[in-house]
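The following exercises concern one protein chain and are meant to be worked with its sequence and coordinates at hand.

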Amino acid sequence: MSPFVGVREAENRLERFNADRERLLSEVERRVVARRVSEASAGGDASLEYVLNDVAYCEIQRLEKAGGGKPVDRWRDLARRLNGMSEADKQAELRGLVRHYGHDIVGNFDPRVYKFATGLLPSALDFFFSPVRSLREGVSALRHVDARILADGSLDLVRKCAELGTIVVTPTHSSNMDSPVIGLALMRAGLPPVTYGAGKNLFTNPFISFFMRNLGAYRVDRRLRFELYKDVLKEYSAVLLEHGYHSLFFPGGTRCRSNIVEKNLKLGLLGTTVTAFKNNVREGAPHKRIYIVPATINYRLVLEAETLIADYLAETGKNRFIITDDEFSRAGRLVEFFRKILAHEGSVLVRFGRPLDVFGNDITDDGDSVDRAGRVVDPASFVRGADGEVTDDDQRDAEYTRALGRKLSATYPRLTVFHATTLVARVIYDAIARAHQTRDVYRLLRMVDLSVPYAQVIAGLGELRARLAATPAWGAEHPMFAATETPAMVDNALSGLAMYHTHAAVTRRGDQVVVDDLKLLYYYMNRTAHIPMATAEVAR
C-alpha cells in the first residue's frame, strides 16, 4: 500500500474538522465547567470565586503593564462584582469565560488552503535553503526541494501507528521555521497532517496567519497565565486526541535559545495524551491508541542563531554579558539575512524515532506496548484500578507524563543528526578551551585573537567523527557526509559559518581558522554538548 494512502485518510479527517469544531468546543466547555463546579462544591481554594478572581487579577496585572485602557475596565468590574454574585451568576460567568477562551484557541482547516500550501510551500522553502545565482537556477531549484529538506528514521512504523491510532509528533524546537519545515517533512514522509498549538504572537503576521489559521493550528496565548486558561487549552488538546486528530507538540516549549538538545521538557500539553487515552478506555475504546513520535529537526544553520544565543547568554550570565548589537535594525538584519540564504546552500533533516505509548513504553513493530523486560503489556491496565475500572489519579498520571518526558529526553540525542557546521564548531571550541584552560564561555568572550591551526581542525574533526561513529547513542553525522573526506567537510562547515549570518562565526585566514564571533561558534557547538570530552583530554 502506498504511504500516501494514510495521508489522504488523515486529510479527509481534517476536512471534517470544521463540521466538528462546535461539537468539540461544546465538549471542552462541558468538561471544564463541570470539573470546576465539582471542585468548588468540595470547598477550599477551588471555589468559583477564587477561580474568577484569579482570572481578573492576572488580566488586570497584564493589561496595566500594557497601558491599561478600556480592556482592563472589564476585569476591574468583574473583581468588584464577585462578592455580590450568586453561585448561579458565578457559574454563568465561568461558562462564558470558558466559551470565550475556547473560541480564541480553536483552529480551522481549509482543504483548499492545504492543497495550495502543499504545492507552494516546497517551492518557497527551497528558495530559502538553496543557492540561487540566476533565474534559470531558481526555476530549477523549485523542482529539487527533496535535496534540501529531508525526512528519515522509523518512517514505516510511524505510518503504521498513524493507521492504528492517533500520533502525536514531538520534535525538538530550534527555530520559527520548525512548523513549516516539519509540515513539509511529514508530507514528504507520507505521514498525515497534524494539528498543533502555535504562539498567538505568530498570528500577527497577516501572511503567516492566513496559512496557520487554515491549516489546523490553534492559538496559544502565552501571556495568559491563570489556571482557567490552561485548563481550557489542555482540555481542547485532549478532546482533539480523543477524536482522532493527529497532533504535534514541542515538548521544549519555546525555541531552545542555547541550541543544546532539549533535556528539561515542559510537560503540560504532553500530559493530555495520558488524559485522552484514559478517557478512551473509560468510553470502552482502549483500541483507540495514541502514539508519541519523537523527532529531531536538524539544521545546517539556524535562522535566528544570533538573537537566540544573545538572549541565552544575557539571561544565563546576567551582568557578566551585555548585548552590544542594538544598532542593527530588525528589518535590516532580515533583508541581509535572506539575501545570504539565497546565495548559500543549506539543508535540513528531520529524523523520526520509533514511537512510544503515552506512558513512555517502547512498542513492537505491530504497535503493541512492551515493558522494560520486552514483554507485551496492555496499556489500558495502566489507568485501571484493582477492580478493573478506570480510575482518576492526578498524581499517578503526572508521574506517567514525567516518565514519558524522561524517555523523550533520553531519545533526542540518539536521533540528533550533526551537520558539518556543528561538528567543526565543537572541534574549534574544544581547541580554544584547551589553549586557554577554560571552557567557560564568559571568560573566553573577554579574550581576543582566538584562532586554531587549520590542520588541527582537520585532525580534530577526524577524531570526533570516529568517536561519533563508535557511539550511536550520541547521534550521527548527516548521511550526505558519509563518503566525504574530512578536509572537504571542514571546508563545507567553514563556508557556512563564515557566510550565512550577519557576522561570520569563523573564517579561514591562511593556515589559521580565526574566531570572529565566539557567541555564534558557541551556539553551534552546543548541539554537541551531550557528547563528552575525549578521555585523552583533561576536563577544565
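Each exercise below consists of a task and a stepwise solution.

The model is predicted, so local features are given only at pLDDT of at least 70 and side-chain atom pairs only at pLDDT 80 or more, while totals for chains, interfaces and linings use all residues. Residues are numbered from 1 along each chain as its sequence is written, and side-chain values use heavy atoms, with hydrogens and water left out.

**Exercise 1. Overall composition**

Task: State how many helices and strands the chain has, and what percentage of its residues count as buried.

Solution. 
Step 1. Take helices as DSSP runs of H or I with at least four residues, and strands as runs of E with at least two, numbered from the N terminus. The chain then has 20 helices and 16 strands.
Step 2. Call a residue buried under 20% relative accessible area, exposed over 50% and partly exposed in between, using a 1.4 Å probe and protein chains only. Of the 540 residues, 53% count as buried.
Step 3. Let contact mean heavy atoms within 4.5 Å. Among contacts with a separation of 6 or more, residues 24 or more positions apart account for 76%.

**Exercise 2. The nonpolar cores**

Task: Determine which residues touch the most other members of the largest nonpolar core, and which helix gives the most to this core.

Solution. 
Step 1. Define a nonpolar core as a set of buried Ala, Val, Leu, Ile, Met, Phe, Trp, Tyr and Cys residues joined through side-chain atoms within 4.5 Å.
Step 2. The largest core holds 80 residues, and Phe-352, Ile-428, Leu-521 and Tyr-524 touch the most other members. Helix α16 (residues 420-436) gives the most to this core, with nine residues.
Step 3. Leave out residues up to four places away in sequence; Ile-428 then touches Val-452, Val-457, Leu-494, Val-506, Val-513, Val-515 and Leu-521.
Step 4. Another core, of 65 residues, lies apart from the largest one and includes Val-113, Leu-240, Leu-270 and Phe-277.

**Exercise 3. Aromatic pairs**

Task: Classify the ring pair of Tyr-429 and Tyr-522 as stacked, tilted or edge-to-face, and do likewise for Tyr-523 and Tyr-524.

Solution. 
Step 1. Rings of Phe, Tyr and Trp (its six-membered ring) pair if their centres lie within 6.5 Å; planes under 30 degrees apart are stacked, those over 60 edge-to-face and the rest tilted. This rule gives 11 aromatic pairs.
Step 2. The centres of Tyr-429 and Tyr-522 are 5.7 Å apart, with 45° between the planes, and the pair is tilted. Tyr-429 belongs to helix α16 and Tyr-522 to helix α20 (residues 518-525), so the pair ties together parts that are 93 residues apart in sequence. Both Tyr-429 and Tyr-522 are buried.
Step 3. For Tyr-523 and Tyr-524 the centres lie 5.2 Å apart and the planes stand at 90°, so the pair is edge-to-face. Tyr-523 is buried at 0% relative accessibility, and Tyr-524 is buried at 1%.
Step 4. Phe-277, Phe-359, Phe-382 and Tyr-400 form one aromatic cluster.

**Exercise 4. A cavity and a pocket**

Task: Give the volume of the largest cavity and that of the second largest pocket, and describe what lines the cavity and the pocket.

Solution. 
Step 1. On a 1 Å grid over the protein atoms alone, a cavity is a set of points where a 1.4 Å probe fits but cannot get out; a pocket is an open set with protein on both sides within 12 Å along at least five of seven lines; lining residues have an atom within 4 Å of a point. Points are joined across faces, edges and corners, and a volume is the space filled by probe spheres set on them.
Step 2. There are five cavities of 30 Å³ or more, and the largest has a volume of about 80 Å³.
Step 3. The lining of the largest cavity includes Ser-174, Asn-259, His-419, Tyr-524 and Arg-527. Strand β6 (residues 290-299) supplies the largest share of this lining, three residues.
Step 4. The second largest pocket has a volume of about 1,100 Å³. Of its 29 lining residues, Arg-35, Glu-235, Thr-275, Lys-278 and Asn-279 lie nearest its centre.

**Exercise 5. Positive phi in loops**

Task: Locate Gln-437 and Asp-449, and decide whether each is buried or exposed.

Solution. 
Step 1. Gln-437 is in the loop between α16 and α17 (441-445); its phi is near 60°, a positive value in a residue other than glycine. At 58% relative accessibility, Gln-437 is exposed.
Step 2. Asp-449 is in the loop between α17 and β13 (451-453), and its phi is near 55°. At 73% relative accessibility, Asp-449 is exposed.
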